[in-house]
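User: I would like to learn how to read a model like this one. Please take me through it feature by feature.

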Amino acid sequence: MALEGEFLLLGRVLFGLLFLYNGYNHFANNEAVTGYAEFKGVPAAGFMVVASGVMMLLGGLGIILGAFPVLSVGAIAVFLLVSSPKMHDFWAASDEDRQNEFNHFLKNVGLLGGALVLLASASEPWAYAVNVGLF
């Protein structure tokens with residue numbers, strides 16, 4: 001395909017920006033995000049909000065730049081695997097919140113799918129990337 005590298009870069013930027021923004025939000029709105037995590041029963045909510053914010057910031061930046069791609073995409077995949085059932089437990093939500101939680105859960109499942117697709121190619125050099133990593 002003629003524009004394969006350009007499409008990969010655009011996809012990485014769009015995908016990574018989502019996590020950069022949400023990671024930033026964990027710090028910019030720390031009190032509110034921590035309160036929501038506490039409401040959802042996250043243990044050590046304050047620490048977990050900071051830890052997940054760091055994972056999203058570094059993971060998103062690494063995906064955009066193509067730096068440490070296995071670690072970057074892996075961090076995003078782990079974040080989605082752990083946070084989705086805990087934060088968007090639609091099966092335990094009230095009738096009025098169930099659809100919203102279900103939509104967020106499905107969005108995260110789709111994002112996890114995208115992360116796994118990127119992870120499948122993360123050990124190969126990416127076009128328009130820094131291409132540094134441990135693997």
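Analyst: Start with histidine 88, which lies in the loop between helix H4 (69-87) and helix H5 (95-121). Helices (H or I, at least four residues) and strands (E, at least two) are DSSP runs, numbered from the N terminus. This is a predicted model: local features need pLDDT of at least 70, side-chain atom pairs count only at pLDDT 80 or more, and totals for chains, interfaces and linings use all residues. Residues are numbered from 1 along each chain as its sequence is written, and side-chain values use heavy atoms, with hydrogens and water left out.

User: Is histidine 88 buried or exposed?

Analyst: Buried means under 20% relative accessible area, exposed over 50%, partly exposed in between (1.4 Å probe, protein chains only). Histidine 88 has a relative accessible area of 12%, so it is buried.

User: Which side chain makes a polar contact with the side chain of histidine 88?

Analyst: A polar contact is a pair of N or O atoms within 3.5 Å; within protein, one must be able to donate a hydrogen and the other to accept it, and residues adjacent in sequence count only if both atoms are side-chain atoms. Here the partner is the side chain of glutamate 101, at 2.8 Å.

User: With which residues is histidine 88 in contact, leaving aside neighbours within four places in sequence?

Analyst: Contact means heavy atoms within 4.5 Å. On that rule histidine 88 touches Ser83, Glu101, His104, Phe105 and Asn108.

User: How do I read C-alpha separations for residues twelve apart along the chain?

Analyst: Take two pairs. Asparagine 100 and histidine 88 have C-alpha atoms separated by 8.6 Å. Glycine 110 and arginine 98, also twelve residues apart, are separated by 18 Å. Asparagine 100 sits in helix H5, and glycine 110 is in helix H5 too. Asparagine 100 is partly exposed, at 43% relative accessible area. Glycine 110 is partly exposed, at 47%.

User: How many helices and strands does the protein have?

Analyst: Five helices and zero strands. From the N terminus, the order is α-α-α-α-α.

User: What does the radius of gyration say about the protein?

Analyst: It is taken over C-alpha atoms; the globule rule is 2.2 Å times the number of residues to the power 0.38. For 135 residues a compact globule would come near 14 Å; the protein has 16 Å, which agrees. Its C-alpha trace spans about 50 × 25 × 25 Å along the principal axes. Of the 135 residues, 36% count as buried.
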